[in-house]
Amino acid sequence: MAATYTLDELATRFGLVVHGQGKHLISGVATLAKAQCQQLGFLANPHYRRELANSQAGAIVLRREDLPHWSGSALIARDPYSAFARIAALFEVTEGSQSGIHPSAVIAPDAVIDPAASIDAHVSVGARSRIQAGARIGPGCVIGEDCVVGPECTLVARVTLVCRVALGPRVRIHPGAVIGADGFGLAMHEGHWIKVPQLGGVSIGADCEIGANTTIDRGALDDTVLEEDVRLDNQIQIGHNVVIGAHTAMAGCVAVAGSTRIGRYCQIGGGAGISGHIEIADKVTVLAKSFVTHSILSATVVSSAIPARDAKAWRRSLAQLNRLGTDRGRSPRD
Amino acid sequence: MAATYTLDELATRFGLVVHGQGKHLISGVATLAKAQCQQLGFLANPHYRRELANSQAGAIVLRREDLPHWSGSALIARDPYSAFARIAALFEVTEGSQSGIHPSAVIAPDAVIDPAASIDAHVSVGARSRIQAGARIGPGCVIGEDCVVGPECTLVARVTLVCRVALGPRVRIHPGAVIGADGFGLAMHEGHWIKVPQLGGVSIGADCEIGANTTIDRGALDDTVLEEDVRLDNQIQIGHNVVIGAHTAMAGCVAVAGSTRIGRYCQIGGGAGISGHIEIADKVTVLAKSFVTHSILSATVVSSAIPARDAKAWRRSLAQLNRLGTDRGRSPRD
Amino acid sequence: MAATYTLDELATRFGLVVHGQGKHLISGVATLAKAQCQQLGFLANPHYRRELANSQAGAIVLRREDLPHWSGSALIARDPYSAFARIAALFEVTEGSQSGIHPSAVIAPDAVIDPAASIDAHVSVGARSRIQAGARIGPGCVIGEDCVVGPECTLVARVTLVCRVALGPRVRIHPGAVIGADGFGLAMHEGHWIKVPQLGGVSIGADCEIGANTTIDRGALDDTVLEEDVRLDNQIQIGHNVVIGAHTAMAGCVAVAGSTRIGRYCQIGGGAGISGHIEIADKVTVLAKSFVTHSILSATVVSSAIPARDAKAWRRSLAQLNRLGTDRGRSPRD
């Protein structure tokens, strides 16, 4: 049942160069440590080069310069990770979900579900929302009012679109994500908070991916926007009226405060925080656990993260740091 | 169908002063950049003052000192953001949910649902829980055992109240929030963790708001407590037995460890962490991404956040910081 | 209906020493501040010793050295917290859930549900998944394809197991947790992200506990692994192919990036971050809010957290820190 391909076939299909036995058959992919003779491994991160010596893989996707470290067959790629990603997709078993509406789903009378969409168990779809062809709404999802789920979107399970959320084609959202909740808008009035109505929505472009338990608030007046091909990992928080440029990727647990604009092709490391009301240029890299408080106007790499070290040594450095800025801590010539 | 108001009417209703055409009709609100002639804009953050010049808004809510920068009609307010919040609420379309219990909901025989409450699709309500008049339980919510949902509360969708959670009037909880899960209590016994039973509950006062995917654990013995009008953004974590004073607000991704007491009217910036077993006075401000490790006894502003900058320059500072506290790094007179 | 025990009975059962009235009856547990004469309090954290003077508790679990501060009856323990945890469990009321499948649950035809398992309202179970004896699947849970829920597991409510997730015996998972979502694997190809298929699963050992809204991604090729008795608090993010050793505990909001291996008996403080592709030895302690960027090869305590202090003083220290590493900031002898 599983597909098999020769190395020659894979090379032709993905524009790679065969080294060794072009007729060797591959029926799956695996790590260097576990791959067997019908499986393909890959080497992208040089950290793992030492595993080549003992690998039993039938062939390995690698860069030409790593070839001397490997005695077997290989597929030579300029970017082995990307090549591997595309090859691995051949071996991914995906069950086609049948189109149609599960009898336990609850659909508002004026919602529109394309006959070629699939609505799974315990889903609810609110007033005036539209689910387009090929969209797959997994079990337990809640789609509120005035939402659009574009063609071929996948909401894996237990995703919430609160209201006025529009998804472009092929958007994929993982479980627990909440898109379109009220932005956090408060004004103090006579000693009590009053809520600022959140009248905007969320607009998400084609091919975006949104991780598990990530939250993206809807805008106060205008929309919160993700342009196409934005990739968000798990547990990310995006405040209201943020705009994220195309092809930008963020690792887990990033938080972006309201009204900030982030450029295209940015990469934001895990746990980073970004203040509100600032602008970040295209192709900026923010390293993990950093905190961006000011606009960044050109493609640079920024950081404020501190690597952990022995706690006692760290406490001593910290004591000195706290003295900096006091008279005693100033250097003699200041 | 949409309401319209003259500037004079809005001024009277909200205690503002009209500048310009009091008879001008307003039918909605928008940003300075997008507002059209029947729409009202606002200027609160001076950062956006430059947008006044090109705004097409029919009128703008602003401070008297900003009037010289704007040539059109205006509503003059001491706090334009608060005034705007109250005006915008006039234009918010909210669909009245019908009271009653959706047929797909599953209600324990001894739960009590007020006839004027609304229970949406795929909700479950556990033993001995009570849902009071005007409460709206959105689709996919799970209410466990021994909970009380007060009058006029809104649980938007997919909210979980685990057990022994009591909500006062008008509490609003966003999707994915989990209130009343077991606190994280562990004791090591013979090389294996044993779980400390979490016998308390959670008590949430009137008018609190709780963001998407925020978690508030129930107490080990006493309750975890939010007093009235506490406002929590998304993805906040509140440990067991924390007490948060009235009118305190926290931005996204804050974490508060167990048994800490936080005062009234505090403001906690996004991503801040607060250690367990400490006390924070009233009106304390914790800046974003800071880490509070000791009690704070008076109304102050505290921080330990570091703004990101060029990664290479930061690495050099860090190398010096790590030398502080070693002999080589000490200043000559130490 | 509630059980009662004499101090003598409790001492015998848990290997403790009675001080005072061994026949005194105890019918519950409470804090030192609230315990009444039939209730047992405990003193583990010396921070609370001052509460002994006014406690009305019928008896207190404490260390022998705290006895002079308390005039009433006591149970003397070497580890009062652990003793209290085991005693408190006697007084925890847990409702036995009936085994069987709620009529609103949706079970794939080829899923296997043990007759002694309990499946609550609005649950769905996917193809080829197996739910073993004594497992309790609470309301709103989604179990995807090819999962195994071991004997006596508890999924409290609204838990998602996406696919290829295997739980050992007695695993407990709190609401909103998402186990087995796609790892965050992306490769850039011709200016567009392509998704790296995530072909592995998640393997979770016996007695693990996983907090509310925590996310654990499934592996890219091999599995993501939690060995036995791992304890994760709320809102933790575990990347794909992470391995966490037995008995390791993590407080709330920790994030671990992909392919990192963490040893046994580690303790990771709240909000800490751990980079990908590193190794952490057994019995390492990472203090709260620290960021581990390199492998740690022996049992040590590491930190990079900075305690917050007065914001103005902090800004002055920070200005000096930023000058370190520039010529002006260097000390004279560098």
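Author: What follows takes the interface of chain B and chain A, then the interface of chain A and chain C, and then a sheet in chain B and a sheet in chain C. The model is a predicted one.

Start with chain B against chain A. In this contact, 66 residues of chain B meet 72 residues of chain A. The two chains bury about 5400 Å² between them, and 59% of that area lies on carbon and sulfur atoms. On the side of chain B, the residues that lose the most area to chain A are B:His122, B:Arg158 and B:Lys289, which together account for 11% of what that side buries.

The rule finds three salt bridges across chain B and chain A. One of the pairs that form a salt bridge is B:Lys34 with A:Asp222, where the closest N and O atoms are 3.8 Å apart. That distance falls inside the cut-off, because a salt bridge is counted when the side-chain nitrogen is within 4 Å of a carboxyl oxygen. Polar contacts between chain B and chain A come to 28 residue pairs, both residues being at pLDDT 80 or more.

Several elements of chain B supply at least two residues each to the side that touches chain A: α2, β28 (231–232), β31 (249–250), β40 (309–310) and α3 (311–323). Of these, α2(B) gives the most, with seven residues. Sorted by class, the side of chain B that touches chain A holds 31 nonpolar, 17 polar and 18 charged residues.

Strand pairing also crosses from one chain to the other. Strand β39 (residues 301–303) of chain A is joined to β40(B) by two bridges, and the two strands run antiparallel. Within this pairing, A:Ser303 has B:Arg309 as its bridge partner in β40(B). In general, strands of a sheet pair through backbone hydrogen bonds, in either a parallel or an antiparallel sense.

Now take chain A against chain C. Here chain A contributes 66 residues to the contact and chain C contributes 72 residues. The area buried between chain A and chain C is about 5400 Å², with 59% of it on carbon and sulfur atoms. A:His122, A:Arg158 and A:Lys289 supply 11% of the area that chain A buries against chain C, more than any other three residues.

Across chain A and chain C the rule finds three salt bridges. A:Glu209 and C:Lys195 form a salt bridge, with the closest N and O atoms 2.7 Å apart. On the side of chain A that touches chain C, the elements giving two or more residues are α2 (80–90), β28 (231–232), β31 (249–250), β40 (309–310) and α3 (311–323) of chain A. The largest share, seven residues, comes from α2(A). By class, this side of chain A has 31 nonpolar, 17 polar and 18 charged residues.

β40(A) pairs with strand β39 (residues 301–303) of chain C in the antiparallel sense, over two bridges. The bridge partner of A:Arg309 in β39(C) is C:Ser303.

B:Val29 stands opposite B:Leu40 in β5(B).

Nine strands form an open sheet with parallel pairing, in the order β10-β13-β16-β19-β24-β27-β30-β33-β36 of chain C. Its edge strands, β10 (112–113) and β36 (279–280) of chain C, each pair on one side only. β10(C) is joined by two bridges to strand β13 (residues 130–131) of chain C, in parallel. There, C:Ile113 has C:Ile131 in β13(C) as its bridge partner.

Technical notes
Residues are numbered from 1 along each chain as its sequence is written. Chains are lettered from A and ligands numbered from 1 in the order in which they are written. This is a predicted model: local features need pLDDT of at least 70, side-chain atom pairs count only at pLDDT 80 or more; totals for chains, interfaces and linings use all residues. Side-chain values use heavy atoms; hydrogens and water are left out. Two strands pair if DSSP finds at least two bridges between them. Helices (H or I, at least four residues) and strands (E, at least two) are DSSP runs, numbered from the N terminus. Contact means heavy atoms within 4.5 Å. Buried area is the accessible area (1.4 Å probe) that two parts lose on being put together, summed over both. Ala, Val, Leu, Ile, Met, Phe, Trp, Tyr, Cys and Pro count as nonpolar, Asp, Glu, Lys and Arg as charged, and the others, Gly among them, as polar. A polar contact is a pair of N or O atoms within 3.5 Å; within protein, one must be able to donate a hydrogen and the other to accept it, and residues adjacent in sequence count only if both atoms are side-chain atoms.
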